[in-house]
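Thanks for sending this one over. Here are my notes, in numbered points, to read alongside the model.

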Amino acid sequence: ANGCTAATATVYNVTVNALPVPTLAGPNPRCEGSTGNVYTTQAGMSNYVWTVSANGTITAGGTSTSNTVTVTWNTAGAGIVSVSYTNANGCTAATPTVFNVTVNPTPVASITANYCSDPGYIRLTAHPDPPGYTYLWSNGAVTPSILIDIVGNYSVTVTNAFGCSS
């Protein structure tokens with residue numbers, strides 16, 4: 001106001017911190033109905049915000065203080081897990097990091113019984129029976145159908161090409 005200029009300029013140093021970019025790691029692909037799927041991001045942050053698509057359910061973690069979330073994948077289809085957080089500098093990620101999860105269908109197995117022309121034998125056939133499926137019967141057989149002559153209880157596990165089992 002007096003027309004005088006300062007002898008030296010005043011300097012104020014400002015640190016501009018980069019926004020965090022969360023990373024996510026976890027199992028992928030998964031089978032429909034799989035439980036205990038843990039997804040992890042960096043530890044030591046705050047205000048975690050977790051989101052899981054409609055075909056998944058958070059069963060543990062996933063809180064504002066947790067760097068992990070545990071998910072049950074209820075139905076087949078495209079799934080997502082996303083996270084955002086605030087780092088130690090008080091900076092929040094510009095957008096949540098999205099982790100895509102392929103949730104493959106689980107086969108529904110059934111057994112049909114056909115009486116054979118040979119007296120005393122029954123043929124048990126597992127369904128479904130498309131190419132690429134594998135079978136494991138309770139008696140150790142690995143074929144789509146078995147011929148039995150012993151009365152008892154039999155079960156079969158059918159595994160599809162994705163590795164998902166009934």
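1. A word on terms before we start: a residue counts as buried when its relative accessible area is under 20%, and as exposed when that value is over 50%. Cysteine 91, at 14%, is therefore buried. Please keep in mind throughout that this is a predicted model.

2. Cysteine 164 has a relative accessible area of 0% and is buried.

3. How many disulfides does the structure hold? There is one. The bond runs between cysteine 31 and cysteine 164, with an S to S distance of 2.1 Å. The link between cysteine 31 and cysteine 164 is left-handed, with -90° about the S-S bond. Distant parts of the chain are brought together here, since cysteine 31 sits in strand β1 while cysteine 164 belongs to the segment after β12 (156-159), 133 residues apart.

4. You will find asparagine 104 in strand β7, which covers residues 97-104. With a relative accessible area of 8%, asparagine 104 is buried. Leaving aside neighbours within four places in sequence, its contacts include both disulfide partners, Cys31 and Cys164. Pro29, Arg30, Glu32, Ala76 and Phe162 are also in contact with asparagine 104.

5. On to the rings, where the count comes to three aromatic pairs. One of them is formed by tyrosine 39 and tryptophan 73, edge-to-face at 6.4 Å centre to centre and 85° between the planes. Tyrosine 39 is part of strand β2 (residues 37-40) and tryptophan 73 part of strand β5 (residues 68-73), so this pair ties together parts 34 residues apart in sequence. Tyrosine 39 and tryptophan 73 are both buried. Ring pairs also bring Phe99 into a cluster with Tyr39 and Trp73.

6. Tyrosine 48 and tyrosine 85 make another edge-to-face pair, with 5.7 Å centre to centre and 65° between the planes. Because tyrosine 48 lies in strand β3 (residues 46-52) and tyrosine 85 in strand β6 (residues 77-86), the pair ties together parts that are 37 residues apart in sequence. Relative accessibility is 5% for tyrosine 48, which counts as buried, and tyrosine 85 is buried at 3%.

7. Finally, do have a look at the surface. Tyr12, Val14 and Val16 make a nonpolar patch of about 420 Å². Tyrosine 12 is placed in the segment before β1 (30-31), and at 71% relative accessibility tyrosine 12 counts as exposed.

Key
Residues numbered from 1 in each chain as written. Predicted model: local features only at pLDDT ≥ 70, side-chain atom pairs only at ≥ 80, totals over all residues. Heavy atoms only, no water. Helix = DSSP H or I, 4+ residues; strand = E, 2+ residues; numbered from the N terminus. Buried < 20%, exposed > 50% of the residue type's maximum accessible area, 1.4 Å probe, protein only. Contact = heavy atoms within 4.5 Å. Patch = residues over 30% accessible without salt bridge, like charges linked within 9 Å, V, L, I, M, F, W, Y side chains within 5 Å. Areas by Shrake-Rupley, 256 points an atom, 1.4 Å probe, with all protein chains shown as cover. Salt bridge = Lys/Arg side-chain N within 4 Å of Asp/Glu carboxyl O. Disulfide = S-S within 2.5 Å. Phe/Tyr/Trp six-rings, centres within 6.5 Å; stacked < 30°, edge-to-face > 60°.
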